[in-house]
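Please work through the following exercises with the sequence and the model side by side, trying each task before reading its solution.

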Amino acid sequence: MKKYLLNFALLILAFSASAQDFSTVEGVWEKGKSKNIKLFAIENSNYKEVASSRVDESGRFVIAFYPAKEGIYTLNNYNFYFKPGDKLSINITDTSYELKDENTPENIEIARWELLVTPLKEMRRRTQTTYADFFPLLVQTEKEINYKASTPNKTFNAVFDKYKELNLLDIATNYLFSPRTAHPRKEDFPDYFKKIDLKKMIADPFILNYPNGLSLLGKSKIIPIWTGESKSTEKKKDITASPESGIIDNEELMKVADPMVRAELVLLYAKNKQVLIVFDEYVDMYSKYLVTDEQRQRLAQLRFPLIKNDKGEPATDFAFTDANGKSHALSDFKGKIVYVDVWATWCAPCKKELPHLKKLETEYKNNKDIVFVGVSVDKEKDKQKWKEFLVREELPGIQLFAGDEASEKLMKPYKITGIPRFILVDKNGNLLSANAPRPSSADVRTVLNDTLKK
């Protein structure tokens with residue numbers, strides 16, 4: 001019945017006055033069970049859902065939509081090119097897709113490229129592979145990148161060269177940023193990574209029309225540090241950090257950036273400013289780069305929730321024991337500001353923050369109005385491992401063990417989905433931020449000092 005109604009709707013559409021402007025996707029899902037298929041446009045490098053379709057019992061689906069602009073769209077993590085009136089016929093398989101029946105010259109070229117890079121994408125999914133397997137295949141694939149598209153669409157032909165470059169870099173960086181059992185030294189990197197032209201990328205507005213293009217910029221900035229090409233003293237960052245921050249702080253890159261790219265980077269990084277005073281300082285420095293009223297409106301919308309947080313609401317109380325079995329509750333520290341570190345012994349990014357945390361605690365050790373609390377979310381079976389870690393690393397402050405109670409009493413109430421996470425509570429026991437700046441952040445002292453004054 002659903003399939004009948006869908007086909008009927010498409011039939012009505014076909015007879016409408018503007019039917020020639022609508023694009024369609026007809027396909028078969030051969031990748032296991034799925035309830036629906038979603039199609040996304042790329043807007044400021046982010047995904048924006050434009051249409052979807054239910055998958056019927058036989059795996060068939062149909063999507064009809066109007067392409068607001070000619071360019072790249074994403075269907076089930078695969079990229080395609082649409083302009084008004086285009087048709088895409090496709091079978092989505094376990095590992096890739098196959099074009100069927102009627103398709104445009106643009107998507108035939110995209111599919112040709114996808115076939116070339118599929119072995120690289122497959123290698124990323126095989127977690128047992130390492131750079132020693134991936135790099136030779138990457139070098140071989142790069143040699144085949146220079147072929148030209150020869151479609152009647154000159155706009156696409158020009159875009160396709162840019163698309164291939166970014167897509168290959170995207171696949172390569174995603175591999176480097178995925179967990180592996182072995183990691184390359186700087187001498188192991190092939191020349192491909194040493195030729196990354198960040199200035200060229202940031203100066204071209206096309207980066208905003210590529211899926212997650214701004215994130216790709218951030219990752220690409222880090223790679224020269226790994227390869228030894230950068231003179232920066234910046235250390236290898238963990239992938240949970242915000243990679244775009246290094247671009248915002250780089251005056252040379254911001255100077256050559258396309259104005260719209262620069263503005264969108266400012267907005268992207270603003271999302272990480274979760275405390276009002278830090279957000280306002282950031283706005284004072286970077287709002288000058290915004291171009292449109294719509295961008296200024298988006299920046300203002302990011303500030304609204306922080307105003308509420310600045311006033312503070314009662315923090316959810318919790319109580320856990322220290323290494324000696326003594327219980328400590330968050331509410332015990334009312335009258336002091338509390339900086340809580342949620343971490344685990346198995347968490348590499350958490351360990352990277354420890355030297356910065358120790359330095360921070362040393363700086364404030366004579367201040368009676370602040371207390372540092374560490375809460376481990378290790379499993380109960382690893383409690384002894386946690387105790388030994390405390391001794392070995394000489395962790396200061398009050399160290400508590402949440403164990404198997406972590407999820408219900410800490411993670412869920414504070415909406416923590418990844419660690420390390422830092423929580424800031426004011427002297428009245430009100431929550432100022434459930435995502436406070438990390439000890440390694442340039443913002444953390446500003447936040448702590450401002451909170452101490454209140």
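**Exercise 1: a strand pair and its sheet**

Solution. The model is predicted, with local features needing pLDDT of at least 70 and side-chain atom pairs counting only at pLDDT 80 or more, while totals for chains, interfaces and linings use all residues. Residues are numbered from 1 along each chain as its sequence is written, and side-chain values use heavy atoms, with hydrogens and water left out.

Next, β2 (residues 36-43) and β5 (residues 71-75) are joined in the antiparallel sense over 3 bridges, where pairing requires at least two DSSP bridges between two strands, and strands are DSSP runs of E with at least two residues, helices runs of H or I with at least four, both numbered from the N terminus. The open sheet has 4 strands in the order β3-β2-β5-β6, with antiparallel pairing; its edges are β3 (46-54) and β6 (78-82), each of which pairs on one side only.

**Exercise 2: the nonpolar cores**

Which residues have the most contacts inside the largest nonpolar core?

Solution. They are F193 and L217, in a core of 85 residues; a nonpolar core is a set of buried (under 20% relative accessible area, 1.4 Å probe, protein chains only) Ala, Val, Leu, Ile, Met, Phe, Trp, Tyr and Cys residues joined through side-chain atoms within 4.5 Å. The largest share of this core, 11 residues, comes from α4. Apart from this core lies another, of 49 residues, including C350 and W386.

Notes
Buried means under 20% relative accessible area, exposed over 50%, partly exposed in between (1.4 Å probe, protein chains only).
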